[in-house]
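User: I've got a model open and would like to walk through its packing with you. Can we go piece by piece?

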Amino acid sequence: MNGNVPMASSESVSVASPGQAHRDAVEYVGFRVDGQAVVLNLSEHRRLSLERSLDLVNHSPSGFEWGYSGSGPAQLACALLLDYYDDEQFAREHYIAFRNQVVSQLECDGAAACWHLPGEEIDAAMATLTDDVVALADGGRPSPTLPENWRAVSRPDRRVFQRADRDHYIVLGDGSDEWLVVLCSQGDRAYHAPLAHRTVAEEADVERVIRELAEESNGLIEPREGEH
């Protein structure tokens with residue numbers, strides 16, 4: 001890989017990779033053809049599937065990207081983990097941290113104008129990931145009070161809702177005498193501020209505010225690649 005994979009530190013959280021018996025010989029390569037990003041599983045002589053990763057998370061239907069933190073790199077991070085570990089839950093939980101730590105550092109330079117990412121570097125990165133796990137840990141469940149494309153997510157520390165077809169979340173946090181209800185995009189940390197938020201008195205109708213933010217999210221048009 002063109003870029004450094006951080007080594008383990010005392011602040012790192014060890015992530016158990018599923019199976020641990022995946023092929024160490026796997027290697028991925030990325031390059032551009034007529035400006036279009038192409039990623040190959042070099043060891044198996046096949047192109048990395050965009051469609052398979054889109055079935056899991058929908059960040060960038062137009063294709064993969066790398067070299068920064070955004071939607072295209074998030075899609076590539078999910079696709080790489082899904083292809084390498086063949087574990088949907090593992091890929092869903094860790095692709096954001098993998099994007100931030102690895103995919104954002106990939107770059108095409110030199111005469112070959114491509115990057116290489118061996119399987120052992122993926123393993124090394126996964127062993128040093130910090131606790132930056134996507135909130136969707138159990139697939140979510142439908143909420144009778146929200147639009148059908150929203151799911152309630154199980155989190156022990158706070159109430160979280162996720163939009164199933166876009167990378168939007170509603171997070172509910174309690175203060176001393178009020179609620180903070182935030183609509184945000186967890187999967188793309190390029191947003192510098194929440195998409196929307198409400199501060200609500202404890203005695204107010206918090207469920208109504210959550211419904212309003214869900215409807216506001218459903219009415220938003222996502223920024224195009226490179227505009228965040």
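Analyst: Contact here means heavy atoms within 4.5 Å. Keep in mind that this is a predicted model.

User: Going by that cut-off, which residues is glutamate 216 in contact with, leaving aside its neighbours within four places in sequence?
Analyst: Glutamate 216 lies in helix H5, residues 206–218. Once its neighbours within four places in sequence are left aside, the contacts of glutamate 216 are Ala196 and Arg198.

User: Is glutamate 216 buried, partly exposed or exposed?
Analyst: Buried means under 20% relative accessible area and exposed means over 50%, with partly exposed in between. Glutamate 216 has a relative accessible area of 30%, so it falls into the class partly exposed.

User: How far apart in space are glutamate 216 and leucine 183, C-alpha to C-alpha?
Analyst: Along the sequence, glutamate 216 and leucine 183 are 33 residues apart. In space, the C-alpha to C-alpha distance for this pair is 8.9 Å.

User: Zooming out, how many helices and strands are in the chain?
Analyst: The chain has 228 residues, and 46% of them count as buried. Of its contacts with a separation of 6 or more, 57% come from residues 24 or more positions apart. As for the elements, the count is 5 helices and 10 strands.

User: Which element gives the most to the largest nonpolar core?
Analyst: That core has 35 residues, and those with the most contacts inside it are Tyr28, Leu76, Leu80, Phe98 and Ile122. At least two residues each come from strand S2 (36–41), helix H2 (71–85), helix H3 (88–101), strand S4 (115–118) and helix H4 (119–126). The top contributor, with 10 residues, is H2.

User: How many residues does the second, separate core have?
Analyst: Leu146, Ala196, Leu213 and Ala214 are among its members. The size of this second core is 15 residues.

User: Back to the largest core: what is phenylalanine 98 in contact with, leaving aside neighbours within four places in sequence?
Analyst: Phenylalanine 98 is one of the residues with the most contacts inside the largest core. Beyond four places in sequence, its list runs Ala77, Leu80, Leu81, Val103, Leu117, Ile122, Ala125, Met126 and Leu129.

User: Are H2 and H3 parallel, antiparallel, perpendicular or oblique?
Analyst: The axes of H2 and H3 come within 8 Å and cross at roughly 135°. Roughly antiparallel needs an angle over 145 degrees, and roughly perpendicular covers 65 to 115. That makes H2, relative to H3, oblique.

User: How many nonpolar residues does the contact of H2 with H3 have?
Analyst: On the H2 side are Pro73, Ala74, Ala77, Cys78, Leu80, Leu81, Leu82 and Tyr85, facing Glu88, Phe90, Ala91, His94, Tyr95, Ile96, Phe98 and Arg99 in H3. By class there are 2 charged residues and 1 polar, and the nonpolar ones number 13.

User: What about leucine 82: buried or exposed?
Analyst: Leucine 82 is found in helix H2, and it touches Arg52, Ser53, Leu56, Asp87, Glu88 and Ala91, not counting residues up to four places away in sequence. Its relative accessible area is 2%, so leucine 82 is buried.

User: Is serine 104 buried or exposed?
Analyst: Serine 104 sits in the loop between H3 and S4. Leaving aside neighbours within four places in sequence, its contacts are Gly67, Tyr68, Ser69 and Arg99. At 9% relative accessibility, serine 104 is buried.

User: Is aspartate 34 buried or exposed?
Analyst: Aspartate 34 lies in the loop between strand S1 (27–33) and S2. Its phi is positive, about 55°, although it is not a glycine. With 83% relative accessibility, aspartate 34 is exposed.

User: Where is histidine 45?
Analyst: Histidine 45 has a positive phi near 55° and is a residue other than glycine. At 74% relative accessibility, histidine 45 counts as exposed. Its place is the loop between S2 and strand S3 (46–47).

How values were computed
Residues are numbered from 1 along each chain as its sequence is written. This is a predicted model: local features need pLDDT of at least 70, side-chain atom pairs count only at pLDDT 80 or more; totals for chains, interfaces and linings use all residues. Side-chain values use heavy atoms; hydrogens and water are left out. A nonpolar core is a set of buried Ala, Val, Leu, Ile, Met, Phe, Trp, Tyr and Cys residues joined through side-chain atoms within 4.5 Å. Buried means under 20% relative accessible area, exposed over 50%, partly exposed in between (1.4 Å probe, protein chains only). Helices (H or I, at least four residues) and strands (E, at least two) are DSSP runs, numbered from the N terminus. Axes are lines fitted to C-alpha atoms, for helices over the stretch in contact, and angles run from 0 to 180 degrees between N-to-C directions. Angles under 35 degrees count as roughly parallel, over 145 as roughly antiparallel, 65 to 115 as roughly perpendicular and the rest as oblique. Ala, Val, Leu, Ile, Met, Phe, Trp, Tyr, Cys and Pro count as nonpolar, Asp, Glu, Lys and Arg as charged, and the others, Gly among them, as polar.
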